[in-house]
Structure formats: C-alpha cells, structure tokens
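Please look over the model below.

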Amino acid sequence: MSEKRKANTSSAYFLTFTVVGWVDVFTRTQYANIILESLEFCRKNKQLEIFSYVIMSNHLHIIARHTDGRLNEVIRDFKSFTAKKIINEIETNPIESRKDWLLHLFKYHAKYSKQNKTYQFWQKTTHPTELYNNEIFFQKMNYIHLNPVKNGSVTNPESYTFSSANPDSNFKVDEW
C-alpha cells in the first residue's frame with residue numbers, strides 16, 4: 001500500500017474508498033450489498049471494528065480500527081476481494097445495462113497501474129486519517145452521516161439506506 005499516511009496503529013481511522021473515475025457503481029443495491037457483506041466478513045474473521053459507514057454512489061466512508069494495528073492489511077484484502085467480486089458481478093449480470101461501459105472504464109484505469117492486469121476498480125489511496133481524540137472522531141462520524149444529505153440524496157441522515165445513521169440498517173456498527 002503506497003499511502004502517504006498509513007493506518008498502522010491501533011487507533012480508529014477515517015477511510016474513504018473511491019471507485020476509479022468516480023463511477024456510480026453503488027446505485028445498484030447488489031453491488032452495495034457486496035460491500036456490506038465484505039465488511040461483515042472482515043468484522044467476524046479479521047478483527048475489524050467498524051464504528052460508522054456510508055456507501056454513496058461512487059465511494060464509501062468508514063471509521064474503522066484494528067486493535068493489532070494491521071488495518072492496512074485488512075484494507076488491502078477488502079479492496080482486492082470487493083473489486084474482484086463486484087467486477088465479476090458486473091460481467092455475469094445479464095441485466096446490467098452499463099456492463100460494456102463499466103468494464104471499459106475499469107480496463108482503461110488498469111492500463112495506468114502496475115498492480116492491476118485487467119481491471120482497476122478502486123482508486124489507490126484510502127486517505128487514512130487517524131482519529132486521535134473523541135472530538136475528531138465525532139466530527140468525522142457526523143461528516144459520514146451528513147454526506148447523503150449534503151449531496152441531496154435525502155433530507156435527513158436516518159433516511160439513507162446504506163448508512164450507519166439509519167436505525168433500520170441490517171449492518172450494525174460497533175460501539176465506540
């Protein structure tokens with residue numbers, strides 16, 4: 001991981017995962033569900049703690065922590081798995097009307113990356129920001145929850161389906 005700031009302490013971090021070209025992939029529920037299923041897997045099997053999240057149309061924000069300071073490894077595995085899984089879903093989805101266009105964009109972005117042979121789904125950096133006190137933690141959590149309001153998707157954070165602000169979300173976050 002070639003991050004300028006690495007998430008290698010046991011602190012909580014604010015992370016942003018952005019689809020290359022800011023492509024609106026998560027407008028399809030099935031692709032957003034892959035993200036949630038993968039986050040849940042990381043919680044259960046990789047000791048990832050997730051305190052807040054939002055999945056927007058082309059990116060997601062989370063506040064997460066790995067108490068052993070191996071958040072970089074979990075992020076790497078999460079990005080690799082979800083990229084492969086979502087691209088496979090796009091390739092095999094008979095009703096994906098944007099299939100050719102999406103795959104063309106992911107192939108285009110892979111041309112400029114040494115790590116990706118065929119497709120690149122995620123931008124390289126997650127911009128990890130260490131949350132070293134409660135004030136910064138809650139500032140970032142508020143930012144996450146207000147993201148869908150500020151972009152005009154909903155009028156209140158609790159109404160956005162793919163957010164920890166939604167009390168009806170199937171994905172429950174960890175206690176801070």
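The sections below go from the overall fold to single residues.

## Basis

This is a predicted model: local features need pLDDT of at least 70, side-chain atom pairs count only at pLDDT 80 or more, and totals for chains, interfaces and linings use all residues. Residues are numbered from 1 along each chain as its sequence is written, and side-chain values use heavy atoms, with hydrogens and water left out.

## Fold and overall shape

The protein has four helices and four strands. Their order along the sequence is β-α-β-β-α-α-β-α. The radius of gyration is 16 Å, close to the 16 Å that the globule rule gives for 176 residues, so the protein is as compact as a globular protein of that length. Helices (H or I, at least four residues) and strands (E, at least two) are DSSP runs, numbered from the N terminus. The radius is taken over C-alpha atoms, and the globule rule is 2.2 Å times the number of residues to the power 0.38.

The C-alpha trace spans about 45 × 35 × 30 Å along its principal axes. Of the 176 residues, 48% are buried. Buried means under 20% relative accessible area, exposed over 50%, and partly exposed in between (1.4 Å probe, protein chains only). The protein exposes about 9500 Å², and carbon and sulfur atoms supply 48% of that area. Accessible areas come from the Shrake-Rupley method with a 1.4 Å probe; for residues, only the protein chains shown count as cover. Among contacts (heavy atoms within 4.5 Å) between residues at least 6 apart in sequence, 71% join residues at least 24 apart.

## The cavity

How many cavities of 30 Å³ or more does the structure hold? It holds one. The largest cavity has a volume of about 50 Å³. Elements giving two or more residues to its lining are β1 (12-18), β3 (59-66) and α2 (71-92). Helix α2 gives the most, with four residues.

The lining consists of L15, F17, L39, L48, I62, A64, L71, V74, I75 and F78. By class, that is ten nonpolar, no polar and no charged residues. Ala, Val, Leu, Ile, Met, Phe, Trp, Tyr, Cys and Pro count as nonpolar, Asp, Glu, Lys and Arg as charged, and the others, Gly among them, as polar.

On a 1 Å grid over the protein atoms alone, a cavity is a set of points where a 1.4 Å probe fits but cannot get out, and a pocket is an open set with protein on both sides within 12 Å along at least five of seven lines; lining residues have an atom within 4 Å of a point. Grid points are joined across faces, edges and corners, and a volume is the space filled by probe spheres set on the points.

## The second largest pocket

The second largest pocket holds about 180 Å³ of space. Its lining is N33, L36, E37, Y53, T161, F162, N166, D168, S169, N170 and F171. Helix α1 (residues 29-45) supplies the largest share, three residues. The lining has four nonpolar, five polar and two charged residues.

F51 sits in strand β2 (residues 48-55). F51 is buried, at a relative accessible area of 3%. Leaving out residues up to four places away in sequence, F51 touches A12, I63, A64, R65, F137, M141, V173, D174, E175 and W176. F51 and T16 are 35 residues apart in sequence and 14 Å apart in space, C-alpha to C-alpha.

Is K79 buried or exposed? K79 is buried, with a relative accessible area of 12%. K79 belongs to helix α2. Beyond residues up to four places away in sequence, K79 touches F17, W122, Q123, K124, T125 and T126.
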